[in-house]
Protein chains: 2
Amino acid sequence: MALPVPGKPVRGSKSGQPIMALFDLLGRNWAMGIIWNLHDGACTFRELQHRCEMVSPTTLNLRLKELTAAFIVERKLEGYALTAFGNELFDLLQPLGKLARNWSKKF
Amino acid sequence: MALPVPGKPVRGSKSGQPIMALFDLLGRNWAMGIIWNLHDGACTFRELQHRCEMVSPTTLNLRLKELTAAFIVERKLEGYALTAFGNELFDLLQPLGKLARNWSKKF
DNA sequence: TTAAAATGCTACATAATTTGTAGCAAAGCG
DNA sequence: CGCTTTGCTACAAATTATGTAGCATTTTAA
């Protein structure tokens with residue numbers, strides 16, 4: 001799957017509005033889960049597989065490549081980690097945790 | 001596709017952690033784009049199709065049903081609209097717009 | 001009142017993505 | 001040197017998404 005690049009057509013926008021490109025990227029299976037789990041600290045591929053309870057190595061690998069190409073994830077000696085930008089993104093995602101707990105009471 | 005319900009196994013969590021259930025829902029194609037576009041105000045199905053430049057009616061309809069079942073979207077006389085909760089969710093998503101514009105400079 | 005236009009979908013076949021299981025090559029360890 | 005662990009890749013099956021048609025119903029307009 002091609003990396004959604006802002007400025008080029010992506011799902012949601014022929015002109016590649018940045019937010020739509022980001023939604024395209026984050027809306028792929030596991031993308032947000034990976035960011036969420038990586039925030040607990042850099043880790044190896046296998047460790048990440050365990051943090052994401054049910055991800056297949058195929059999907060994990062593909063998503064990691066995309067997130068890396070999108071400057072959200074990087075490889076360090078300790079393994080995969082969020083970039084500075086990845087952390088900014090996480091900071092915006094984090095409040096969803098509380099919201100989600102609230103939301104879960106509705107069911 | 002089954003609605004991800006917090007408390008039951010979802011993609012990302014066998015125990016259905018709320019955040020993972022929410023990620024499962026929001027991570028489906030077009031889910032965030034729909035929420036984003038609905039924030040401009042309630043609208044009809046066809047109007048929403050236009051706001052989401054390239055969504056197929058099949059996907060739009062499925063996503064709307066899921067978002068409705070998840071208390072994020074509701075139907076009003078004027079058409080589809082965000083619920084109060086949907087608006088809270090939007091408020092958390094909104095900052096991503098600015099981040100995305102920043103991010104787009106990296107490419 | 002009635003013909004035309006708009007709306008809200010559904011059908012269905014095709015294409016794209018994701019999953020799950022195996023397992024292999026390379027690196028690290030003892 | 002064997003034994004583990006790690007980071008993936010292969011590949012077939014299952015699940016999702018897309019695109020185009022088009023139809024039944026409601027709304028609009030003459």
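How many residues lie between β1(A) and β2(A) in the hairpin they form? In this predicted model, two residues separate the strands of that hairpin. Strand β1 of chain A covers residues 73-76, and strand β2 of chain A covers residues 79-82. The two strands run antiparallel and are joined by four bridges. Within this pairing, A:V73 stands opposite A:L82 of β2(A). The loop between α4 and β1 of chain A holds A:F71. This residue is not a glycine, yet A:F71 has a positive phi of about 65°. A:F71 is partly exposed, with 15 other C-beta atoms within 10 Å.

B:W30 sits in the loop between α1 and α2 (31-38) of chain B.

The relation between the two protein chains was examined next.

The contact between the chains takes 37 residues from chain A and 37 residues from chain B. On the side of chain A that touches chain B, four helices of chain A give two or more residues: α1 (18-26), α2 (31-38), α5 (84-93) and α6 (95-103). The largest share comes from α6(A), which gives seven residues. By class, this side of chain A has 23 nonpolar, eight polar and six charged residues. The copies meet through the same surface, because 100% of the interface residues of chain A are also interface residues in chain B.

Helix α6(A) has a buried side. A:L96, A:A100 and A:W103 are buried in this helix. They lie on the same side of α6(A), because they cover an arc of only 60° around the axis. The face turned away from the buried side carries the exposed residues A:K98 and A:N102. The cover over the buried residues of α6(A) draws on both chains: it includes α5 of chain A together with α1 (18-26) and α5 (84-93) of chain B.

The most comes from α4(B), with four residues. By class, the surface near DNA strand D has eight nonpolar, eight polar and three charged residues.

DNA strand C is surrounded by 18 residues. The closest are A:S56, A:T58, A:T59, B:T44 and B:F45. Here, α4 of chain A together with α3 (45-51) and α4 of chain B each supply at least two residues. The surface near DNA strand C has seven nonpolar, eight polar and three charged residues.

Note on methods: Residues are numbered from 1 along each chain as its sequence is written. Chains are lettered from A and ligands numbered from 1 in the order in which they are written. This is a predicted model: local features need pLDDT of at least 70, side-chain atom pairs count only at pLDDT 80 or more; totals for chains, interfaces and linings use all residues. Two residues are in contact if their C-beta atoms, placed from the backbone, lie within 7 Å. Ala, Val, Leu, Ile, Met, Phe, Trp, Tyr, Cys and Pro count as nonpolar, Asp, Glu, Lys and Arg as charged, and the others, Gly among them, as polar. A residue is near a molecule or strand if its C-beta atom, placed from the backbone, lies within 6 Å of it. Two strands pair if DSSP finds at least two bridges between them. A residue is buried if 20 or more other C-beta atoms lie within 10 Å of its own, exposed if 12 or fewer, and partly exposed in between; C-beta atoms are placed from the backbone. The arc is that of the directions from the helix axis to the C-beta atoms.
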